[in-house]
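Please read this briefing alongside the sequence and the model.

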Amino acid sequence: MSDKSLNAEGKALLFTEARTHNAWRKKEVSDSLLRDLHDLMKWGPTSANCCPARILFLRSADAKEKLEPFLMEGNREKTRAAPITAILGNDAHFYQHLPKLFPHNAAMREMFAAMPDLAAETAMRNGSLQGGYFILAARALGLDCGPMSGFDPEGVTKGFFSGTETRANFLCNLGYGDADGLTPRSPRFAFDEACRIL
Ligand SMILES: Cc1cc2nc3c(=O)[nH]c(=O)nc-3n(C[C@H](O)[C@H](O)[C@H](O)COP(=O)(O)O)c2cc1C
């Protein structure tokens, strides 16, 4: 496996040609595609296989309306237009599931339960990693993404995850982007600006 690599077309789909989208074509995203998305992203690695990400997919006008007051003004119109808006949350009590997810080391559950700061850091680190896998899995399935952190996370947590230990992390519009809505691609750092080899 490890001596294989994606061809240029695959790299373009995931990275070099993929853009963050703000305008959306009127093309629906099926429930089965959302299931395919989760079935792909779930294989990305997390520490102790803790898998803290929890995802709510908003499709209905009612669900979108409920979200809207919590959005920064600049994120409202595009969220209304997107076929799906995903709320990615982190389960603060992810460790309750370690006996299932990490069965060969049952002591991990008690370790995280006794160390809430470590649990919170682990949830944020790994939930955000899973958010990255989510974006790349969506692109691999031909979808476009519009991730957003411009919202009130406390409000979204209360509004959508009440009665659970899940906390909103970021939002991601999903669908088929309208390239006419794109602004020119912003630059990225060159290797020497961001990396060192010691
Ligand atoms: C976690 C995250 C949060 C973001 N939040 C917002 C946001 O609230 N509003 C917005 O318009 N764009 C938001 N963006 C979009 C970024 O500005 C965009 O992905 C970045 O400029 C790269 O654009 P490109 O993928 O087209 O190269 C966010 C992106 C990420 C990954």
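Cys 51 lies in the loop between α2 and β1. In this predicted model, Cys 51 has a positive phi of about 45° although it is not a glycine. Most residues other than glycine have a negative phi.

- Asn 49 is partly exposed because 16 other C-beta atoms lie within 10 Å, a number between the limits of 12 or fewer for exposed and 20 or more for buried.

**Helices α2 and α7**

- Helix α2 covers residues 31-41 and helix α7 covers residues 116-140; their axes come within 9 Å and cross at roughly 125°.
- The crossing of α2 and α7 is right-handed.
- On the α2 side, the contact is made by Leu 37, Leu 40 and Met 41.
- On the α7 side, the partners are Gln 130, Tyr 133, Phe 134, Ala 137, Ala 138 and Ala 140.
- The residues of this contact between α2 and α7 comprise eight nonpolar, one polar and no charged.
- His 38 is another residue found in helix α2.
- With 13 C-beta neighbours inside 10 Å, His 38 counts as partly exposed.
- His 38 and Ile 55 are 17 residues apart along the chain, and their C-alpha atoms are separated by 9.0 Å.

**The ligand and Pro 147**

- Which residues surround the ligand? The shell consists of Arg 19, Thr 20, Gly 74, Asn 75, Pro 147, Met 148, Ser 149, Gly 150, Phe 170, Arg 185 and Ser 186.
- By class, the shell around the ligand holds three nonpolar, six polar and two charged residues.
- Pro 147, one of the residues around the ligand, lies in strand β3, which runs over residues 144-148.
- Pro 147 has 17 other C-beta atoms within 10 Å and is therefore partly exposed.
- Setting aside neighbours within four places in sequence, Pro 147 is in contact with Thr 20, Ile 135, Phe 170 and Cys 172.
- Among these contacts of Pro 147, Thr 20 and Phe 170 also belong to the ligand shell.
- Pro 147 and Ala 113 are 34 residues apart in sequence and, C-alpha to C-alpha, 31 Å apart in space.

**Val 156 in helix α8**

- Val 156 lies in helix α8, at residues 153-160.
- Is Val 156 buried or exposed? With 23 C-beta neighbours inside 10 Å, Val 156 counts as buried.
- Not counting residues up to four places away in sequence, Val 156 touches Leu 67, Phe 70, Ile 87, Phe 151 and Ala 168.
- Val 156 and Ser 32 are 124 residues apart in sequence, with 25 Å between their C-alpha atoms.

**Arg 76 in helix α4**

- Arg 76 lies in helix α4, which covers residues 76-81.
- Arg 76 counts as partly exposed because it has 17 C-beta neighbours inside 10 Å.
- Leaving aside neighbours within four places in sequence, Arg 76 is in contact with Glu 68 and Leu 71.
- The C-alpha atoms of Arg 76 and Lys 64 are separated by 9.6 Å, and the two residues are 12 residues apart along the chain.

Note on methods. Residues are numbered from 1 along each chain as its sequence is written. This is a predicted model: local features need pLDDT of at least 70, side-chain atom pairs count only at pLDDT 80 or more; totals for chains, interfaces and linings use all residues. A residue is near a molecule or strand if its C-beta atom, placed from the backbone, lies within 6 Å of it. Ala, Val, Leu, Ile, Met, Phe, Trp, Tyr, Cys and Pro count as nonpolar, Asp, Glu, Lys and Arg as charged, and the others, Gly among them, as polar. Axes are lines fitted to C-alpha atoms, for helices over the stretch in contact, and angles run from 0 to 180 degrees between N-to-C directions. Helices (H or I, at least four residues) and strands (E, at least two) are DSSP runs, numbered from the N terminus. A crossing is left-handed if the near helix is turned anticlockwise from the far one by less than a right angle, and right-handed if clockwise. Two residues are in contact if their C-beta atoms, placed from the backbone, lie within 7 Å.
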